Amino acid sequence: MTAVLSLRDVGIRYSPDPRAPLAVRNVTLDVRQGETLGLVGESGSGKSSLAAAMAGLLPRQATTVGQVQFDGQDMAAMDARAQRRLRGAKIATIAQDPFTSLNPVVRIGRQLVEFQHWRTDLNATARWRRAVEMLARVGLSDPDIRMKQFPHQLSGGIRQRVAIAAALLVNPRLLIADEPTTALDATTEDQIIELIRAARAQIEGAVVFITHDMGVVRRLCDKMAVLYAGELVEAGPVDQVFADPRHPYTRALLACDPAGIEEPSRNLPTIPGVVPPPGALPPGCIFAPRCPAARAVCQTEKPPRLPVAPGRAAACHLIEATA
Ligand code: SF4
């Protein structure tokens with residue numbers, strides 16, 4: 001099946017200067033129709049940068065190397081107008097804070113109508129009706145009243161539902177959710193995750209879910225990509241990676257997942273050390289300073305990314321290629 005989104009050796013730098021360090025390096029992955037990909041990693045791992053590159057939403061001064069293909073089309077080869085049209089009609093994003101995607105001084109209804117500007121087959125009344133129906137579909141009571149409210153009059157959970165409704169109004173091929181539940185309480189988080197699961201069933205496309213929460217990945221995603229300091233260190237089907245993580249960083253993330261800890265504890269485990277910034281990467285394996293399994297070779301040689309099973313790969317000197 002053709003990939004909805006295909007990345008090949010993608011790198012991102014936040015400067016037009018080619019000597020500036022890449023914040024994301026050599027990322028290769030595919031997301032196919034019907035799949036939900038979980039992009040995981042700590043803060044500073046590059047997952048939100050990668051999501052922004054997927055959505056064509058990197059800041060103006062950023063540059064991308066490698067290839068980003070959407071439905072087989074090279075996004076870099078498109079002019080700005082074609083990229084904007086793609087974003088408006090095929091790619092939708094749900095941000096961590098819906099205030100970043102909703103205009104605070106415009107009523108919800110007007111915004112949801114404007115989100116459908118590309119639906120030239122519908123007049124303003126039909127777009128309004130479609131927006132009301134969508135608010136009801138994402139579980140909001142009194143959608144007619146919501147349409148007349150401003151974002152600041154809504155709770156965080158309701159704002160996130162409005163953001164999901166806005167994304168679904170696009171009927172996207174690719175839905176990118178960037179830590180959409182981080183600011184929410186546990187009950188609202190559950191509801192939003194279920195809504196995104198339902199959204200995947202509604203769209204004829206794929207979902208990319210960015211999170212640092214391995215529990216959410218297990219519940220929602222089919223496959224996962226683990227990023228560390230801007231590089232993909234492990235990728236594969238979620239059930240396989242959870243059952244047999246091959247990279248020490250993936251194992252460390254799983255060890256910190258509260259859902260996997262049998263004895264409730266006041267002190268959740270953490271990974272000692274910090275993610276190195278792009279300009280100060282260690283010379284060998286980028287995880288070596290924090291890796292409990294590091295060996296001498298890890299300090300000097302970068303591990304290759306090796307296939308470990310069909311559809312699975314990891315980058316670690318301790319792994320032997322098996323596929
Ligand atoms: Fe750890 Fe070495 Fe593997 Fe890097 S290559 S993850 S330092 S064992």
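## A walk through the predicted model

Leu253 is buried, with a relative accessible area of 10%. Setting aside residues up to four places away in sequence, Leu253 touches Val40, Gly41, Glu42, Met214, Val226 and Ile271.

Helix H7 can be described in more detail. Which residues of H7 are buried? They are Thr188, Glu189, Ile192, Ile193, Leu195, Ile196 and Ala199. These residues lie on the same side of H7, because they cover an arc of only 160° around the axis. An α-helix has 3.6 residues a turn, so residues three or four places apart point the same way. The face of H7 turned away from the buried side carries the exposed residues Ala186, Thr187 and Ala201.

The cover over the buried residues of H7 comes from several elements. Among them are the helices H4 (124–137), H6 (156–169) and H8 (214–220). Strand S7 (174–178) and strand S8 (206–211) are also included.

Glu189, in helix H7, is one of these buried residues. Its relative accessibility is 17%, and it counts as buried because the limit is under 20%. Apart from residues up to four places away in sequence, Glu189 touches Thr181, Leu184, Asp213 and Val216. Glu189 and Gly157 are 32 residues apart along the chain, with 8.0 Å between their C-alpha atoms.

The loop between S7 and H7 holds Glu179. Glu179 is buried, at a relative accessible area of 10%. Its phi is near 45°, a positive value in a residue other than glycine.

A positive phi also occurs at Asp71, again a residue that is not a glycine, where the value is about 50°. Asp71 sits in the loop between S4 and strand S5 (73–74). Is Asp71 buried or partly exposed? With a relative accessibility of 30%, Asp71 counts as partly exposed.

Strand S4 (63–70) also takes part in the packing of helix H2: the buried residues of H2 pack against this strand and against strand S6 (91–94). Helix H2 covers residues 80–89, and its buried residues are Ala82, Leu86, Gly88 and Ala89. Because they cover an arc of only 165° around the axis, they are on the same side of H2. On the other side of H2, Ala80 and Arg84 are exposed.

Helix H1 (residues 47–55) has eight of its nine residues buried, so it is largely enclosed by the rest of the structure. The buried residues of H1 are Lys47, Ser49, Leu50, Ala51, Ala52, Ala53, Met54 and Ala55. Just after H1 comes Gly56, which takes a positive phi of about 70°.

How many cavities of 30 Å³ or more does a search of the whole structure find? It finds one. About 80 Å³ of space lies in the largest cavity. There are 14 residues lining this cavity, and those closest to its centre are Cys285, Cys291, Cys298, Cys316 and His317. By type, the lining divides into twelve nonpolar residues, two polar and no charged.

Helix H11 covers residues 296–300 and contains Gln299. At 41% relative accessibility, Gln299 counts as partly exposed. Leaving aside neighbours within four places in sequence, Gln299 is in contact with Pro283, Gly284, Ala288 and Ala294. The C-alpha atoms of Gln299 and Phe287 are 9.5 Å apart in space, with the two residues twelve apart in sequence.

Terms used: Residues numbered from 1 in each chain as written. Predicted model: local features only at pLDDT ≥ 70, side-chain atom pairs only at ≥ 80, totals over all residues. Heavy atoms only, no water. 1 Å grid on protein atoms, 1.4 Å probe; cavity = no way out; pocket = protein on both sides within 12 Å on 5 of 7 lines; lining within 4 Å. Points joined across faces, edges and corners; volume = space filled by probe spheres on them. Nonpolar A, V, L, I, M, F, W, Y, C, P; charged D, E, K, R; others polar. Buried < 20%, exposed > 50% of the residue type's maximum accessible area, 1.4 Å probe, protein only. Helix = DSSP H or I, 4+ residues; strand = E, 2+ residues; numbered from the N terminus. Arc of directions from axis to C-beta. Contact = heavy atoms within 4.5 Å.
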